[in-house]
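Here are my notes for your reading of this model. Please keep the structure open as you go through the points.

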Amino acid sequence: MSLTIKLHLITSHSHHLNLNFHTLNHHPTKFTSFNPNIRSKSIYHSDPLVSIVYNTKPRMHSPSRSVQAPIKSSLIDPDGGKLVDLVIPESERASRVLEAQALPKVSLSKIDFEWVHVISEGWASPLKGFMREDEYLQSLHFNSLRMKDGSVVNMSLPIVLAIDDETKERIGSSTNVGLVGPNGDLIAILRSIEIYKHNKEERIARTWGTTAPGLPYVEEVITSAGNWLIGGDLEVLEPIKYNDGLDNYRLSPQQLRKEFDSRQADAVFAFQLRNPVHNGHALLMNDTRRRLLEMGYKNPILLLHPLGGFTKADDVPLDVRMEQHSKVLEDGILDPETTIVAIFPSPMHYAGPTEVQWHAKARINAGANFYIVGRDPAGMGHPTENRDLYDPDHGKKVLSMAPGLEKLNILPFRVAAYDTVHKKMAFFDPSRAKEFLFISGTKMRNFAKTGENPPDGFMCPGGWKVLVNYYESLQTEEGSQQAAVLSA
């Protein structure tokens, strides 16, 4: 089942969920035209759990209209005003393949391939290929790109392609190259190329704020990468497919916008996550929709939008997460009629406040006009010290001030935890603090690994069974491998 949602985006790194709508105008307002710059003057709250800038005037359809105007996915315009689509028409495919075969070749890793997917579908609009040096420097130093008309779009993560000395020499003076996927297939042409120096230390320091060893994306991608970056305009020969049984969930921004249109959504709120959905997440998502209805929206749609690219080794794999998410809907924890489940194809950087801007920007391009952000979005533990790598509240604050994200409504989580008295996930009540139990993602995974059941009401039974089965299969596989080694 493919689920489509209007995006209220929620980034959730930990078990702490924090959402507060109180500063939003709860009264529907009449309007005659769409104004994308709706964010009002910043209002900070003294409570550190909800210290964030709020948007005070959400857009709504006037209930006084006798004739409902058609609702379009222009609830929020894509960056640059138009979605980028870099897949060449089928009628031109044969000739482009012949051209690509004659060009110097650049081989792509699995993560490079994921970035081709991201760029080609317009998640990074208005970017039309791997970054040239001027785009790279703007992204690295300003977290944004300045357009020809003087406007600014957010672009907090450099989207670049690294090559080694040998590949650079093989390209020579050619202005175009063919890109070869991990399986050896020609997948794209990169045109009007520019090759420039890859200063890894600067890239790492400015993206992550540290050069400490043990950063997952750095170790997987950057450390062993070539000393050069190659940028240019991308032409993808055919739509990107993974043939893993999950391609039907990989809805492009264009497909999502069409789905929002077909459902006549008047608000899209997105929830991004890279972990299984527990009942605290569901509480937050359902409460968000309830509050939107109270504010005057008629048909807010949830986009449950798990990240589908590279994740670190101890994260639950995508196929297991997708199976778990489907059980959440089957068990009625979330309503399939108002929820869309789709995969966001981006690799994960674990770069905290820098990366959460990318997550929000990409959802703008998919049509989301609300973005919910939680504690320590896109964060992780420090790789060499016993602490968080980033301040847990900085992601929310940065989003509220980030250049190019002014048209997006930013909403923070409320804190949810397990209520030991009422035996369910509930919003945290400081006056009863001792009666709440915080179950971290690590603790949740340990429960599943050891076969220990979490408290009743923490997760739907069907979803929990998926996790238990996954970790049991890992233990069986590890036992078989050990037996094979001993018998060798």
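1. Strand β9 (residues 267-273) is largely enclosed by the rest of the structure, because seven of its seven residues are buried. Buried means under 20% relative accessible area, exposed over 50% and partly exposed in between, with a 1.4 Å probe and protein chains only. Strands (E, at least two residues) and helices (H or I, at least four) are DSSP runs, numbered from the N terminus. Both faces of β9 are covered. Ala267, Phe269, Phe271 and Leu273 are buried on one side, and Val268, Ala270 and Gln272 on the other.

2. A word on the basis. This is a predicted model: local features need pLDDT of at least 70, side-chain atom pairs count only at pLDDT 80 or more, and totals for chains, interfaces and linings use all residues. Residues are numbered from 1 along each chain as its sequence is written, and side-chain values use heavy atoms, with hydrogens and water left out.

3. Which strands pair with β9? Strand β10 (residues 300-304) runs parallel to β9 and is joined to it by three bridges. Phe271 has Leu304 as its bridge partner in β10.

4. Five strands form an open, mixed sheet in the order β2-β6-β7-β8-β5. β2 (105-107) and β5 (162-163) are at the edges with a single partner strand each, so one side of each has no neighbour in the sheet. β2 runs parallel to β6 (residues 177-180), with three bridges between them. Val106 has Leu179 as its bridge partner in β6.

5. Leu179 matters for the core too. The largest nonpolar core has 70 residues, and Leu179 and Trp358 touch the most other members. Helix α2 (residues 110-121) gives the most to this core, six residues. A second, separate core of 27 residues includes Leu273, Val328, Val341 and Cys460. A core is a set of buried Ala, Val, Leu, Ile, Met, Phe, Trp, Tyr and Cys residues joined through side-chain atoms within 4.5 Å.

6. Ser120 lies in α2. Is Ser120 buried or exposed? Ser120 is buried, with a relative accessible area of 1%. Beyond four places in sequence, its contacts (heavy atoms within 4.5 Å) are Val84, Asp85, Leu86, Val87, Val236 and Ile240.

7. Helix α12 (residues 441-450) has Met444, Arg445, Phe447 and Ala448 as its buried residues. They fall within an arc of 155° seen down the axis, so they line one face of the helix. The arc is that of the directions from the helix axis to the C-beta atoms. At the start of α12, a side-chain oxygen of Ser440 comes to within 3.1 Å of the backbone nitrogen of Lys443. Gly451 follows α12, with a positive phi near 80°.

8. Asp149 sits in the loop between β3 (144-146) and β4 (152-154). Asp149 is exposed, with a relative accessible area of 64%. Asp149 and Gly80 are 69 residues apart in sequence and 9.9 Å apart in space, C-alpha to C-alpha.

Technical notes
Two strands pair if DSSP finds at least two bridges between them. A polar contact is a pair of N or O atoms within 3.5 Å; within protein, one must be able to donate a hydrogen and the other to accept it, and residues adjacent in sequence count only if both atoms are side-chain atoms.
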